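Have the viewer ready and follow along.

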Amino acid sequence: VNEVRLVGRVSGDPMSRDLPSGDTVVQLRVVVRRTGTQRAGARTTTLVDTVDVACWGKGVQRRASRLRDGDIVEVTGALRRRFWRSPGGAASRYEVEVTGLDRHRGSTRA
């Protein structure tokens, strides 16, 4: 089952892009803490992952466009791998295709 649920902090403001196909996508990055910590010398560091998310539906695009850097969000969707041609050859990237997006309760901006 390809279901993703992330709760994390928005990193940077969302960006809306108009594609050559005529479609619009709103993209953002969500920073999510990993379970556990890593010990580096005398200090403990919290591990995080930065996840690219893409909003294709009009409803989630509207909600995503209202988000700002530092907002805490809950994202649901599916993991997708996109392929495209770049000047350096074929390229690909994993991202979460969003089906649900909500500002998390108790959200505060950084």
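A polar contact here is a pair of N or O atoms within 3.5 Å; within protein, one must be able to donate a hydrogen and the other to accept it, and residues adjacent in sequence count only if both atoms are side-chain atoms. With that in hand, take T24 and D18, whose side chains are joined by a polar contact of 2.9 Å.

Some ground rules come next. This is a predicted model, in which local features need pLDDT of at least 70 and side-chain atom pairs count only at pLDDT 80 or more, while totals for chains, interfaces and linings use all residues. Residues are numbered from 1 along each chain as its sequence is written, and side-chain values use heavy atoms, with hydrogens and water left out.

**The overall layout**

The protein chain has one helix and five strands; these are DSSP runs numbered from the N terminus, with helices being H or I of at least four residues and strands being E of at least two. Read from the N terminus on, the order is β-β-β-α-β-β. Of the 110 residues in the protein chain, 31% are buried, where buried means under 20% relative accessible area, exposed means over 50%, and partly exposed lies in between (1.4 Å probe, protein chains only). The protein chain exposes about 7,500 Å², and carbon and sulfur atoms supply 46% of that; the areas come from the Shrake-Rupley method with a 1.4 Å probe, and for residues only the protein chains shown count as cover.

Which residues of helix α1 (residues 58–65) are buried? They are V60, Q61 and A64. These residues lie on the same side of α1, because they cover an arc of only 105° around the axis; the arc is that of the directions from the helix axis to the C-beta atoms. On the other side of α1, K58 and R62 are exposed. As background, an α-helix has 3.6 residues a turn, so residues three or four places apart point the same way.

| Side-chain pair | Polar contact |
|---|---|
| S92 and R81 | 3.0 Å |
| E95 and R82 | 3.0 Å |
| E97 and R80 | 3.3 Å |
| T24 and D18 | 2.9 Å |

Is E95 buried or exposed? At 5% relative accessibility, E95 counts as buried. Setting aside residues up to four places away in sequence, E95 touches Q27, D52, A54, A78, L79, R80 and R82.

S92 is partly exposed, with a relative accessible area of 33%. Beyond its neighbours within four places in sequence, S92 is in contact with R81, R82, F83 and W84. S92 and R81 are eleven residues apart in sequence, with 6.6 Å between their C-alpha atoms.

E97 is partly exposed as well, its relative accessible area being 29%. The C-alpha atoms of E97 and L79, 18 residues apart along the chain, are separated by 6.2 Å.

**Strands β1 and β2**

T24 sits in strand β2. Not counting residues up to four places away in sequence, T24 touches S16, R17, D18, C55, W56 and Q61. In strand β1 we find G12, which counts as partly exposed at 26% relative accessibility. How far apart in space are the C-alpha atoms of G12 and D69? They are 4.5 Å apart, although 57 residues separate G12 and D69 in sequence.

**The largest pocket**

On a 1 Å grid over the protein atoms alone, a pocket is an open set of points where a 1.4 Å probe fits, with protein on both sides within 12 Å along at least five of seven lines; lining residues have an atom within 4 Å of a point. The largest pocket holds about 180 Å³ of space, a volume being the space filled by probe spheres set on the points, which are joined across faces, edges and corners. Its lining has 13 residues, and M15, Q27, L28, R29 and D52 lie nearest the centre. The elements giving two or more residues to this lining are β1 (4–18), β2 (24–40), β3 (43–55) and β5. Of these, β1 gives the most, with five residues.

Technical notes
Contact = heavy atoms within 4.5 Å.
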